[in-house]
Amino acid sequence: MSRIAIIGGSGIYDMDGLEDPRWQQIETPWGDPSDKILTGRLGQTEMAFLPRHGRGHIHSPTTVPYRANIDALKRLGVTDVIAISACGSFREEMAPGDFVLVDQFIDRTFAREKSFFGTGCVAHVSVAHPVCERLRDAVKASASEDITLHDGGTYLCMEGPQFSTAAESKLYRDVWNCDVIGMTNMPEAKLAREAELCYAAVAMITDYDSWHPEHGSVDITDIIATLQGNADKARALVRGLASALEGAHPDCPRGCDRALEHAIMTAPDQRDPALVAKLDSVAGRVLGT
Ligand SMILES: CSC[C@H]1O[C@H](OP(=O)(O)O)[C@H](O)[C@@H]1O
Ligand SMILES: Nc1ncnc2[nH]cnc12
């Protein structure tokens, strides 16, 4: 069966309307997730909700425990992850209040653990297409008419926590051709792929970053006001998604659920038993643990 996880970004710390709601503390070999995980059902669909920064916004983009979060979701039987995130826009037509269904990333983060694998169990998965097309289609199909949804966009993931300088903003927009900017979808998307989870990213535009001649520079007060305005739309989107993804989980046509099939390079007799043990949930399918 499918189990859908929503990772809620800035401004999204709870999920209403669940049947049998339960906040569960999940232990992982990678430490504690950002918070307890809320599980329950929307209609027939098993759901899990994780506030990325924790309730009360405890974790900065750099200190979000990305590995523990993805491991914990996998441990709960999650099959599909929808990440909802606040983002700045590099495009006039992608206005604050709009949603963007991201399909590519540029990863500019440098102070985060980016893989479950390492010395003693090396793996190389493909992230050429980091977003699951089937999930993107489901989001498109579930978006109500009051959401302006842009289909496709490149998300620049910066380290933060400071916003970009005006020069960086122009570089990302004019030279690198990025569409939106945030601080959290990497390494989250890469780790989801390593854990063989389908992943889709919904960017909620909150500002024009710092390139726009008429909008000045990004301001946190404006961001929070836009986020509050968007929360209902995000909730409606999640309800629609739950019914669109109801039922048995199909084999992923893009192979997200088989990403590790030929990815592990380390010879079985050279693998570090301690690391292999930590990988029980993420890679148990291929490691046979
Ligand atoms: C509140 S502005 C900056 C903050 O918001 C975004 O968080 P998230 O991606 O979790 O919605 C951005 O990445 C920064 O962490
Ligand atoms: N302009 C911006 N840059 C980085 N992260 C953001 N989150 C929301 N707006 C942002």
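Helix 2 and helix 5 are oblique to each other, because their axes cross at roughly 120°. That angle comes from a predicted model, as does everything else described here. In general, two packed helices are described by the angle between their axes and the distance between the axes. For this pair, helix 2 runs over residues 133-142 and helix 5 over residues 220-244, and the axes come within 8 Å. The crossing of helix 2 past helix 5 is right-handed.

Which residues make this contact? On the side of helix 2 they are Ala138, Val139, Ala141 and Ser142, and these meet Leu237, Gly240, Leu241 and Ala244 of helix 5. Sorted by class, the contact between the two helices holds 6 nonpolar residues, 2 polar ones and no charged ones.

Let's step back to the chain for a moment. An unreviewed UniProt entry carries the annotation "domain: Nucleoside phosphorylase" for residues 3-241. Over residues 3-241, helix accounts for 26% of the chain and strand for 26%, while the end C-alpha atoms are 12 Å apart.

Now to the ligands, starting with ligand 1. The residues around it are Gly9, Ser10, Arg52, His53, Pro61, Ser85, Ala86, Gly160, Gly182, Met183, Thr184 and Ile223. How does this shell divide by class? It has 4 nonpolar, 7 polar and 1 charged residue.

The record has something to say about several of these positions. In the unreviewed UniProt entry, the annotation "binding site" covers Ser10, Arg52, His53, Ser85, Ala86 and Thr184. These annotated residues span 175 residues in sequence, yet no two of their C-alpha atoms are more than 12.1 Å apart, so they gather at one spot. One of them, Ser85, lies in strand 5.

Strand 5 leads us on to ligand 2. Which element gives the largest share of the shell around ligand 2? Strand 5 does, with 3 residues. Strand 5 (80-89), strand 10 (180-182) and strand 11 (198-207) each supply at least two residues of that shell. There are 13 residues around ligand 2, and those that come nearest are Ala86, Gly88, Ile181, Asp209 and Val218.

By class, the shell of ligand 2 consists of 8 nonpolar, 3 polar and 2 charged residues.

Note on methods
Residues are numbered from 1 along each chain as its sequence is written. Chains are lettered from A and ligands numbered from 1 in the order in which they are written. This is a predicted model: local features need pLDDT of at least 70, side-chain atom pairs count only at pLDDT 80 or more; totals for chains, interfaces and linings use all residues. A residue is near a molecule or strand if its C-beta atom, placed from the backbone, lies within 6 Å of it. Helices (H or I, at least four residues) and strands (E, at least two) are DSSP runs, numbered from the N terminus. Ala, Val, Leu, Ile, Met, Phe, Trp, Tyr, Cys and Pro count as nonpolar, Asp, Glu, Lys and Arg as charged, and the others, Gly among them, as polar. Axes are lines fitted to C-alpha atoms, for helices over the stretch in contact, and angles run from 0 to 180 degrees between N-to-C directions. Angles under 35 degrees count as roughly parallel, over 145 as roughly antiparallel, 65 to 115 as roughly perpendicular and the rest as oblique. A crossing is left-handed if the near helix is turned anticlockwise from the far one by less than a right angle, and right-handed if clockwise. Two residues are in contact if their C-beta atoms, placed from the backbone, lie within 7 Å. UniProt positions are given in the numbering used here, feature names are shortened, and annotations may be inferred rather than shown by experiment.
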